[in-house]
Amino acid sequence: MNYVYFVAPVAVLFCLGIMNHAIDGTNNIDTWIGFTYHSNFRAFAELNLGILIYFISNKLKQINFTKFGKLCLTLIEIGCLALPFVITTFIKDSFRYDYFMLMIIAIGVCIASSNITFDKDLLNNKVIYYFEKLSLSLYIIHIFALKLVYKTTNNFKLSFSYPTKIVIYLGITFIMAMILLKIIEVLRSKNFYIHKIKRLFITE
């Protein structure tokens, strides 16, 4: 409990604060600061942020909210998840708001995962469950896909409008994430005899 109440929030504020102060945002993860990369600070901060979200969402489940309270939480949830898209689309140099947007998204995810809002039944379907399974693959692959699109368009001097680049980036990201998810599912399936591959390298 001491970790959740003290260490986790301090770690989030400390690590993200360093990144926000040093590079004016949290997106430039491959910056070297003398002894480590900023990506390590961000990873540690996001792990602790995930711990806080899980802990707080479980606490919210234990509260009996009124219909008005649930309505307020639903509106806050939608607003928190929609606002970052608005900021990144319409505000120039939106990376300066990375810290703020991450905190806003965390609040939205915390409320959504508590399963107490009015939209919980709307989100209870196979499509949402698939995106839930896909989320880790998206997280792992999205930076690589972003750099792939950026370097490809620059190297081949391809000129696309910003909305077109977004569509291309999202398409590549989702395709690569789905491939990665399929590979993970195959590796986890009972039909994949991992011990046969193990025998190629290790004797029993």
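Tutor: What follows starts with the whole chain, then turns to the salt bridges and ends with some other local features.

This is a predicted model, in which local features need pLDDT of at least 70 and side-chain atom pairs count only at pLDDT 80 or more, whereas totals for chains, interfaces and linings use all residues. Residues are numbered from 1 along each chain as its sequence is written, and side-chain values use heavy atoms, with hydrogens and water left out.

The protein has seven helices and zero strands, where helices are DSSP runs of H or I with at least four residues and strands are runs of E with at least two, numbered from the N terminus. The C-alpha atoms fill a box of roughly 60 × 50 × 40 Å along the principal axes, and 27% of the 204 residues count as buried; buried means under 20% relative accessible area, exposed over 50%, and partly exposed in between, with a 1.4 Å probe and protein chains only. Among contacts (heavy atoms within 4.5 Å) between residues at least 6 apart in sequence, 72% join residues at least 24 apart.

As for charge, the protein carries 20 positive and 11 negative side chains, and the centres of the two sets lie 7 Å apart; Lys and Arg count as positive and Asp and Glu as negative, while His and the chain ends are not counted, and each charge is placed at NZ of Lys, CZ of Arg, CG of Asp or CD of Glu.

A search of the whole structure finds two salt bridges, each being a side-chain nitrogen of Lys or Arg within 4 Å of a carboxyl oxygen of Asp or Glu. One of them joins the side chains of Arg42 and Glu46, at 2.8 Å from N to O. Because these two residues are four apart in helix α2, about one helical turn separates Arg42 from Glu46. Arg42 is buried, with a relative accessible area of 17%, and Glu46 is buried as well, at 18%.

The other salt bridge is formed by the side chains of Glu185 and Lys133, at 2.9 Å from N to O. This pair links distant parts of the chain, with Glu185 in helix α6 (residues 162-188) and Lys133 in helix α5, 52 residues apart. Glu185 counts as partly exposed at 30% relative accessibility, and Lys133 likewise counts as partly exposed, at 47%.

Helix α5 (residues 126-155) also holds Ser137, which is buried with a relative accessible area of 1%. Leaving aside its neighbours within four places in sequence, Ser137 is in contact with Ala177, Leu180, Leu181 and Ile184.

Helix α2 (38-61) and helix α1 (2-23) each supply at least two residues of a nonpolar surface patch, to which α1 gives the most, with six residues. The patch has about 780 Å² of accessible area together, and Tyr3, Phe44 and Ile51 are among its members; such patches are made of residues with over 30% relative accessible area and no salt bridge, with nonpolar side chains (Val, Leu, Ile, Met, Phe, Trp, Tyr) joined within 5 Å and like charges within 9 Å.

Two loop residues complete the view. Asp93, in the loop between α3 (67-90) and α4 (98-113), has a positive phi of about 55 degrees although it is not a glycine. Asn115, in the loop between α4 and α5, has a positive phi near 60 degrees.

How values were computed:
Accessible areas come from the Shrake-Rupley method with a 1.4 Å probe; for residues, only the protein chains shown count as cover.
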